[in-house]
Amino acid sequence: MSERKVLNKYYPPDFDPAKIPKLKLPKDRQYVVRLMAPFNMRCKTCGEYIYKGKKFNARKETVQNESYLGLPIFRFYIKCTRCLAEITFKTDPENTDYTMEHGATRNFQAEKLLEEEEKRMQKEREEEELNNPMKVLENRTKDSKLEMEVLENLQELKELNQRQANVDFEAMLKQYKELEEEQRRKEQEEDEQEMKAMLEQAQNRRLLVDSDSDEEAAKPLPNPTARTKPTDILQEDPQPQSKKPRTESWERSVGKLSTKAQLAGLVARRKQKADPALDNGMETQGTTASTGSLPAAAAAAATSSLGLLGAYSDSEDSTSD
C-alpha cells in the first residue's frame, strides 16, 4: 500500500533536467508589494499631502541599465489617495535614501538640497585644481585671506564686548564680602536680642512664683479641729434651708441605723393621775406592782415605736415615688 503523503518522487533512469523548458520572464517584470511612503510628499495634480509612513499597495520593478556598485535600483509606483494620479520614486543606495521621480514633490528637503549644492561646488573645485595648478594657488590665497578676515572680526567683537562691559572683579568680591559680614552681624544681634528676651521672661516668671508663694504663706491656716466631720461644711450656710435633707435609697427601704432622735420626738410618755384608793392603803402593793410592771411597760412602748417607725418609712417611700 502506498503512502498517503508522498515525499520522494520517482525519477526515471533516462531523466535529463536540461530538457525541462525554462520559464522565460521579462526583465522589467513588475511585482505588487506592500510598502509605506518613505518621505513626505505633495501630489502635483491635486495638491494632496501624503505623509511619511502611509501604506500603499505599490508595483515594484527593477530599473534597467542603472546600478550602484553592483546593487540594483528599484522603482515603485503608487497612486494618490485623492485623485489616483500615479507617483513614482526609486531607491538611492549611494545616499541610503529615496529619490522622487514623477508625480509629486518632496517636502522638507531644504537641508538635503543645501548639502547637495555644497558637494557639487566642492567637486567642481577639485576638478579645476586638478587640471590647473595656478587655480590651486589662487584658492589657497583666498582661503588664507578669508581666515584672516574671520580672525579680525572675532577680535573686534571681543574688544567691543570689553568696552561695553567694564567689570571690576575685585570690587565685586569686596562688595560681596561686605554684604556677608553685615548679614552675619545682623544675625548675631537678633540672636542676642532673643536671648535677652528669653532671660527676662524666665526672671519675670520666677518673681511671680515667689510672690505667689509669699501670699500663700501670709494667709491664715484653717483650724483643723473646728470641723470634726467632712459633712459639716454643708451646714455652714447661714440661711437655713426649708427643704428636707435628702434621704438615701437604703435609708428609705431599711431606715436609719440610729433612730433615737426620731423616736424621741414620736413617743410621748403619759402622766398617770393620782388614784385615792391606792394612796389610802395599798402603798406597798402599788410599789411592788409598779416595780413589776416597769419591764412590761417598756416592752409595750418599744413595740409601739417600731410600728410607728415602719409606718413613717412607708409614708416616705410613697412620697418619694
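User: How do you know that the charged end of Arg59 sits over the ring of Tyr77?

Analyst: The charged end of Arg59 lies 4.7 Å from the ring centre of Tyr77. The label needs NZ of Lys or CZ of Arg within 6 Å of the centre and within 35 degrees of the ring normal. So 4.7 Å meets the distance limit. Lys60 also lies over a ring face, that of Phe74, at 4.7 Å from the ring centre.

User: What kind of model is this?

Analyst: This is a predicted model: local features need pLDDT of at least 70, side-chain atom pairs need pLDDT 80 or more, and totals for chains, interfaces and linings use all residues. Residues are numbered from 1 along each chain as its sequence is written, and side-chain values use heavy atoms, leaving out hydrogens and water.

User: How many helices and strands are in the protein chain?

Analyst: The protein chain has seven helices and eight strands. These are DSSP runs numbered from the N terminus: H or I of at least four residues for helices, E of at least two for strands.

User: What makes S4 and S5 a pair?

Analyst: Strand S4 (residues 55-68) and strand S5 (residues 71-79) share six bridges and run antiparallel. Pairing takes at least two bridges found by DSSP, so six qualify. Glu61 stands opposite Arg75 in S5. The hairpin of S4 and S5 has two residues between the strands, and Leu69 in the turn has a positive phi of about 55°.

User: How many bridges join S5 to S6?

Analyst: Five bridges join these antiparallel strands. Their hairpin has six residues between the strands, with Leu84 at a positive phi near 60°. Across the pair, Phe76 stands opposite Phe89 in S6.

User: Why is Thr88 called buried?

Analyst: Thr88, in strand S6 (residues 86-92), has 5% relative accessibility. Buried means under 20%, exposed over 50%, partly exposed in between (1.4 Å probe, protein chains only). So 5% puts Thr88 in the buried class. Beyond its neighbours within four places in sequence, Thr88 is in contact (heavy atoms within 4.5 Å) with Phe76, Tyr77, Met100, Glu101 and His102.

User: Is Arg75 buried or exposed?

Analyst: Arg75 has a relative accessible area of 14%, so it is buried. Its side chain makes a polar contact of 2.8 Å with the side chain of Glu101. That term needs N or O atoms within 3.5 Å; within protein, one must be able to donate a hydrogen and the other to accept it, and residues adjacent in sequence count only if both atoms are side-chain atoms.

User: Why is the pair of Tyr11 and Phe15 called tilted?

Analyst: The whole structure holds four aromatic pairs. For Tyr11 and Phe15, the ring centres are 5.3 Å apart and the planes stand at 55°. Rings of Phe, Tyr and Trp (its six-membered ring) pair with centres within 6.5 Å; planes under 30 degrees apart are stacked, over 60 edge-to-face, the rest tilted. So 55° makes the pair tilted. Tyr11 is exposed at 56%, while Phe15 is partly exposed at 40%.
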